[in-house]
Amino acid sequence: MIMTAENEKPKQTPPDRAVIVRTLDLEKVYGSGEAATYALNGVDSTIMRGELIAIMGPSGSGKSTYFNMIGALDAPTKGRILIDEVDVAQLSASELAFLRCRKIGYIFQSYNLIRYMTALENVTVPMTFSGTTPEDARRRGMELLDLVGLGDRWQHRPIEMSGGQQQRVAIARSLANQPQILLADEPTANLDFQTGEEVLEILRKINQERGVTVICSTHDHRLLYLCNRIMWIRDGKVERVEKRENMTIKTGKIGGES
Amino acid sequence: MKEIVAKNQVELGSARCIQLALSGIMFRLFRSSITIVILGLAVAFLAHMLAYSVISGTTERAIWAELEAERSLGVRLRRLESPDAFASLLLQFQKQDAHRLAEYSRWGALSASEMEQTLRRAALVADFERAVQNFTNRQRAILAGDRNAIELLEYIVSPEALNAFLERCRQIEVRSPLGSREALETLVTVEWPALQEVLHRVREGHRRAVAQLERELEGQRISDALIQTPEEVKGAAEAVGFYTAAYDFDRLAAFARDARHQRRVEESIGSLRIRQSLAGRLNVPPVEIHSLRVMEWIAENKDHAAELDQLLGETEGVEAIGADNLYRVATHFLKFRRLQSLVPIAPDLDAEDRFFGLDQSGRWLILLAFLVCVIGVANAMLMSVTERFTEIATMKCLGAMDKFIMMMFVFEAAIQGLVGGIFGALFGVFLAWVRGVSEFGGTLVLAGVFGTVLLSALLALTVGILLAVLAAVGPSFAAARLAPMEAMRVE
Ligand SMILES: Nc1ncnc2c1ncn2[C@@H]1O[C@H](COP(=O)(O)OP(=O)(O)OP(=O)(O)O)[C@@H](O)[C@H]1O
Ligand SMILES: [Mg+2]
C-alpha cells in the first residue's frame, strides 16, 4: 500500500479527468478460518474517466476478483467501491441491476454465454433486460456481431463455436447497451494474433471515439502500447501503477515478469 | 457532471418471461422431458386414485342395488308363503318401513296408540342393543358372557340377575345401558314383554293371512299359482292384508318361475341317470356333478341347454323346462353369483357424498400419493434449477432483476406442469378405466361418473401445476437472491 501511494501520484493526473471508479481498502476473502484466501488484500485504486487502463499480474493475483468487485457483481469482505462517487453498497437491487445492465459492460474470462441461446440472442440479452424492443435489439445485435466479425454466424449456439468465436460474442454482448465502463477480463486470451489485434483495435476505438472507460486485464503486451496506464497486481495488492509514457523503455523487463 | 446515475431498472412483462422459458425448455428438451414425465407420473397417480375410487364406487353401488332388488324379490315371495321371523319383525318396527307397518297393524289389529307404543318400545330395544354392541370384547365377556343383546335382555329380567349385572357395570366402570336402573328395569319387566306380545300377535296374524291366501287359491302352492295367474294372486293377497302396491307381481311371477326352474335342475341332478349322462358329457366323474358346474355348462351355449332339456324330458317324473328357459336361468344364476362375488358386502352408500367417494383408507392412500408427488416433483424441479445456477448468475450479471428470474422459473415449471399434467391426468383416468374394465367387466357403470372423473383429472392437474410451481420457487429464489458471482460459484 505504501508502494501504491508512491507510484500512483494522483496529482499528476490531468485535472479534466474525473475519477470514475475508486476503491478504498478493498478486501475479499474466500473461505474462512484455516482455508481463508485473501484474493484481494487492501486495494486502493482510482480509475479515471475515459482512460484505458491495463491490469497486469500473474495468474491468481486477484485480477478477476478485482473485476467482480468494481463491476458490482460480488460484495467485498471489507472496504468500499465508489462508481462515479456513489458507494455501490448503498444502491438498491433495482439500481444495481440498472448499473450492470446499462452502465457497465462485462467481458468475462470464461465468457459466460448462455448455452441455449444463439450468438444473436446472447448479444441481445442485456438489451432485453433494458427494455429495448426486439426489432431494435436485433438490428443492434447484428451490428455488434458484424463489428466483431461474426455477422454470418449469428445463429450459432456457443457449443457450435470455437473458443475465440465465443469470446468475440462475449465482447459484442458487453457493448450491447453502450456502457460507460467496459470491464474486459483477458479479452484476447483465446484469439490468434490477427483476431487479437482486431479486438484490441475495437477496444481502442471504443475508448477513443466514444470515450468509454476501458479496464482490461491481460497478459497481452500489445495492449501496453494502447493503454494510458498500467496497474500491477500481485498477491491481492496493487504493486504499482505506471503511466505508459514512463515505461516504454522497460517493456523487455515487463515481459519477463508476467 | 456525473456520467453514471443509478436509476431503477425497468421491469419486464410476462410475455418475455414465457418466451425465455420456452426457449430454455426447447433447448433442454431431453432434461425437460424427464421433468415432464416425472410430473406426469405424479399427476397420473393422483388422477388414477381419484378416478378409480369414483368409478369403482359407482359400479359397486349399482351392482349392490341390483343384488338387493333380486334379494328383495326373494324376500317378497317368501313372505307370501310363510310369516316373518320374530327377529325380522322386530327389525321392521325399528326401521319403521311404512309399507310393512301398514301390513302389521292390520294383522295384529293394532290401534294407533298401540302402534305408537310398539314403535317406542322397539326403539328402546334398539338403544339397548346398540349399547351392548358398543361394549369392548372384554366388557362384553364380563357383562353378558356369550349371550347376545336379546338374550341378555331376557336374562336380566329377574331382580337378582339385574342387580348382579348393574353391580358388574359399576365394577368395570361401564355406563349401564339406558343410563338409569329404573329405565332398564322397566324395559326388561314391562316394555319388552309387552313388545313381545305384540310381535307374536302380528306374527300370528301374518300366519293366518298366509293360510287364508292358500285357501283362496284352492290348495295350490302360492308360488305355482303366482306363476300361472299373477293378477289373481295379487287380488287375493291384497284381500288378506298384504300391501301389494309395493309389489311388482309380474316380476315376482317371473322370479318365482326361474326359481322353480332352477330348483328343477338342482333336483334332477339327484337322479342317477341324469347325473351319469351329464358326467359323460362334461367329461368328469359323476360325483363332481354339482349345480354350479351344470349351470356353467348350460350357459356355454344353447345346444347344451337343449341337450339337458331333452334329458329332462326323457326322465320319468321330471318335465322338460324348455331350452331357452334353461339357458336364461343358467346365465342369470351365473351373473348373480358373479355380482355377489364382486360386491360380497354392502358398499358404503354414503360414500357418494364424500370427497371422490374415498373412505378412510382411501384418503390415507391419497395422502401418500400426494407425498410421493411432492417429493418427485420437488426433486425434479430442484435438479432443473440447480443445474442452471450459472445461467441465473449470468443473467444477473447482465442486469436481470430477481423477480424476472423467479418469474422465468415459475413459468417454466408451470408450462412443464401443464404439459406433464395433461398427459398424466389423461393417462391416470385411462388406467382407472382399464382397471375398472378388468375388475368389473361388462358390469362397469360409467353413466353419471363423467363429471366427477373429469373433476378428478382437473384436480390432479391443478395439484401437479401448483406443486411444480411451488417446488421451483424455493431453489430459484435462493439462486436469485445471491450476488451474481456468488451464484456463479454454487455447484
Ligand atoms: N470462489 C473462490 N473460492 C476460493 N478461492 C478463490 C475463489 N475465486 C478465486 N479464488 C482465489 O483468489 C485468488 C485470486 O483469484 P482470481 O481469479 O482473481 O485470479 P486472477 O488474477 O484472475 O488469475 P487468472 O490470471 O488466472 O485469471 C486465487 O488465489 C484464487 O485461488
Ligand atoms: Mg482471472
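**Sheets and interface**

In this predicted model, strand 1 and strand 2 of chain A form a hairpin in which six residues lie between the two strands, and A:G31, within the turn, has a positive phi of about 75°.

Strand 4 of chain A is in turn joined by two bridges to strand 5 of chain A, with the two running antiparallel, and A:L82 has A:D87 in strand 5 of chain A as its bridge partner. Taken together, these pairings give an open sheet of four strands in chain A, with the order 2-1-4-5 and antiparallel pairing. Strand 2 and strand 5 (86–87) of chain A each have a single partner strand and stand at the edges, so one side of each is left without a neighbour in the sheet. Across strand 1, strand 2 and strand 4 of chain A lies helix 2 (residues 63–70) of chain A, which runs at about 60° to strand 2 of chain A.

Another sheet of chain A is built from six strands; it is open, has the order 6-7-8-3-9-10, and its pairing is mixed. Its edges are taken by strand 6 (104–107) and strand 10 (237–243) of chain A, and because each has a single partner strand, one side of each is left without a neighbour in the sheet. With direction ignored, neighbouring strands of this sheet are turned by 15° against each other on average. One of the pairings in chain A is that of strand 3 (residues 52–56) with strand 9 (residues 229–234), which run parallel and are joined by four bridges; A:A54 has A:I230 in strand 9 of chain A as its bridge partner.

Two helices of chain A can be followed against this sheet. Helix 3 (residues 93–103) of chain A lies across strand 6 and strand 7 (181–185) of chain A, and it runs at about 70° to strand 6 of chain A. Helix 6 (residues 163–174) of chain A packs on the sheet and touches strand 6 and strand 7 of chain A, with a direction that makes about 175° with that of strand 6 of chain A.

We now turn to the interface. Here 34 residues of chain B are in contact with 40 residues of chain A, and between them the two chains bury about 3,400 Å², of which 62% is on carbon and sulfur atoms. Across the interface of chain B and chain A there is one salt bridge by the rule applied, in which the side chains of B:R489 and A:D74 meet at 3.0 Å, N to O. Five residue pairs, both residues at pLDDT 80 or more, are found in polar contact across the interface of chain B and chain A. On the side of chain B that touches chain A, the elements giving two or more residues are helix 1 (14–27), helix 18 (389–397), helix 19 (402–440) and helix 21 (484–489) of chain B. By class, that side of chain B has 19 nonpolar, six polar and nine charged residues.

Definitions and conventions:
Residues numbered from 1 in each chain as written. Chains lettered and ligands numbered in written order. Heavy atoms only, no water. Contact = heavy atoms within 4.5 Å. Buried area = accessible area lost by both parts, 1.4 Å probe. Salt bridge = Lys/Arg side-chain N within 4 Å of Asp/Glu carboxyl O. Polar contact = N/O pair within 3.5 Å; in protein donor to acceptor, adjacent residues only side chain to side chain. Nonpolar A, V, L, I, M, F, W, Y, C, P; charged D, E, K, R; others polar. Pairing = 2+ DSSP bridges. Axes fitted to C-alpha atoms, helices over the stretch in contact; angles between N-to-C directions.
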